[in-house]
Amino acid sequence: MSTTALDPTTARRPGERLLPPLQIGAHSIDTPVVLAPMAGVTNGAFRRLCREHGAGLYVAEMVTSRALVARNEESLRIVTFDEDEKVRSAQVYGVDPATVGAAVKIIAGEGRADHVDLNFGCPVPKVTRKGGGAALPWKRELFTRIVAAAVEAAAPYGVPVTVKMRKGIDAEHHTYLEAGLIAESLGVAAVALHARTAAEYYSGHADWSAIAELKRTVTSIPVLGNGDIWSAEDAVAMVEQTGCDGVVVGRGCQGRPWLFADLAAAFDGRDERVRPGLRMVADTIYRHGELMVEEFGDEDKGMRDLRKHMAWYLKGYPVGGDSRRGLAMVSTLAELRELLDALDLDQPYPGEAAEGTRGRQGTPKRPHLPEGWLDSRELDDDFRARLAEAELSVSGG
């Protein structure tokens, strides 16, 4: 949770709804919660699992604009949604305005999604060292052209475009307020802020005061807050402290798809929370496995993809090392069922041991940027050529 103390912006009566539905273009999202794209996590199987546990908007894994324009098979799979998945949300990453525009036209024009999010939040060095991700808004002309191209490509099909970003590159080079105003002026439907800089990566505490400042600056479209939402109480605190119109959840739901049920209850003003014993966790893991096999059409591939989720699911539960190692190497649904049934499934919820931070955190690090990147807000021809190399199959934010 943010360590910055702010005065609450709302005062609610017990049982009163926290926020109205979130409006993204013509789409009304009853519970104003967004599942953030996470590479290798938010595939169709995990999104369905989350939908089974609560309401919200669930964004697919990120696709690169270049790969989509090339009609890469894996990229097209990522922007293929379940028939019951509404609203269908895709996230696009790119550094060339024409390519981003062409990718968005494919998504919108071919009816592949109902909403497009643009990623300007990736702090991964192999992206920022070439001027992409969280480094890109520093070059305001390029940022403007990319957002404009996406909005223009989507507009004829009535598909709303949103922007997700970070505070900036580091403490001396913030871009989020200017980027928010530019995005608002170009007709985006909402902006989301991960309240860390690229230099902070996922370390320390998110600066919720930046979300409050963005909300005061961008006034005509929803502003969403992202960073350190580990519980329903965190989401309520963020809204009350910042006045944001909704929250974006990433790492907090890893191994806890039921977090969305907690969030839906909290935003409705209800006190009930999901506190699963190990039996419910085991049932959820198995359901996740079934969905993975269905997603990939291949049991071995589905199980291999499920393995990385095991440590998240079992965090805090007294499960022995042999059982953990076995589950981390599972290869079939039958084996998964056998290993889960062998656990002491009558264990209750372990409390705080199962809560709090999860996923990658790391430490602050000096951002990797192109030489001379910070010398000017403008983009010269040499940098334009280098940026073409930044469209990699990466995600983050």
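I will start with Arg 47, which touches Leu 35, Thr 42, Tyr 58, Val 59, Ala 60, Glu 61, Thr 80, Phe 81 and Glu 85, not counting residues up to four places away in sequence. Contact here means heavy atoms within 4.5 Å. Arg 47 lies in helix H1, residues 44-53. Helices (H or I, at least four residues) and strands (E, at least two) are DSSP runs, numbered from the N terminus. With a relative accessible area of 2%, Arg 47 is buried. Buried means under 20% relative accessible area, exposed over 50%, and partly exposed in between, with a 1.4 Å probe and protein chains only.

Two remarks on the source. This is a predicted model, in which local features need pLDDT of at least 70 and side-chain atom pairs count only at pLDDT 80 or more, while totals for chains, interfaces and linings use all residues. Residues are numbered from 1 along each chain as its sequence is written, and side-chain values use heavy atoms, with hydrogens and water left out.

Now the sheet. Eight strands form a closed barrel with parallel pairing, in the order S3-S4-S5-S6-S7-S10-S11-S12. On average, neighbouring strands of this sheet are turned by 25° against each other, direction ignored. Axes are lines fitted to C-alpha atoms, for helices over the stretch in contact, and angles run from 0 to 180 degrees between N-to-C directions. Two strands pair if DSSP finds at least two bridges between them.

Strand S4, residues 57-64, is mostly covered, with eight of its eight residues buried. Two bridges join S4 to the parallel strand S3, residues 33-35, and Leu 35 has Tyr 58 as its bridge partner in S4. On to strand S5, residues 89-93: four bridges join S4 to S5, and the two run parallel. Thr 64 stands opposite Tyr 93 in S5. Gly 94 lies in the loop between S5 and helix H4 (97-109). Gly 94 counts as buried, at 7% relative accessibility. Thr 64 and Gly 94 are 30 residues apart in sequence, and their C-alpha atoms are 5.9 Å apart in space.

Next, the rings. Rings of Phe, Tyr and Trp (its six-membered ring) pair if their centres lie within 6.5 Å; planes under 30 degrees apart count as stacked, over 60 as edge-to-face and the rest as tilted. The count comes to four aromatic pairs. One of them is edge-to-face, because the rings of Tyr 58 and Phe 260 have their planes at 75°, with centres 5.2 Å apart. That pair links distant parts of the chain, 202 residues apart: Tyr 58 is in strand S4, Phe 260 in helix H10, residues 259-267. Both Tyr 58 and Phe 260 are buried.

Val 191 has Val 223 as its bridge partner in S11. Helix H8, residues 208-217, packs on the sheet and touches strand S7 (161-166), S10 and S11; its direction makes about 175° with that of S11.

Last, the cores. A nonpolar core is a set of buried Ala, Val, Leu, Ile, Met, Phe, Trp, Tyr and Cys residues joined through side-chain atoms within 4.5 Å. The largest has 87 residues, of which Leu 118, Val 163, Val 191 and Val 247 touch the most other members. Helix H6, residues 140-154, gives the most to this core, with eight residues. A second, separate core has 27 residues, among them Ala 45, Leu 291, Tyr 317 and Leu 333.
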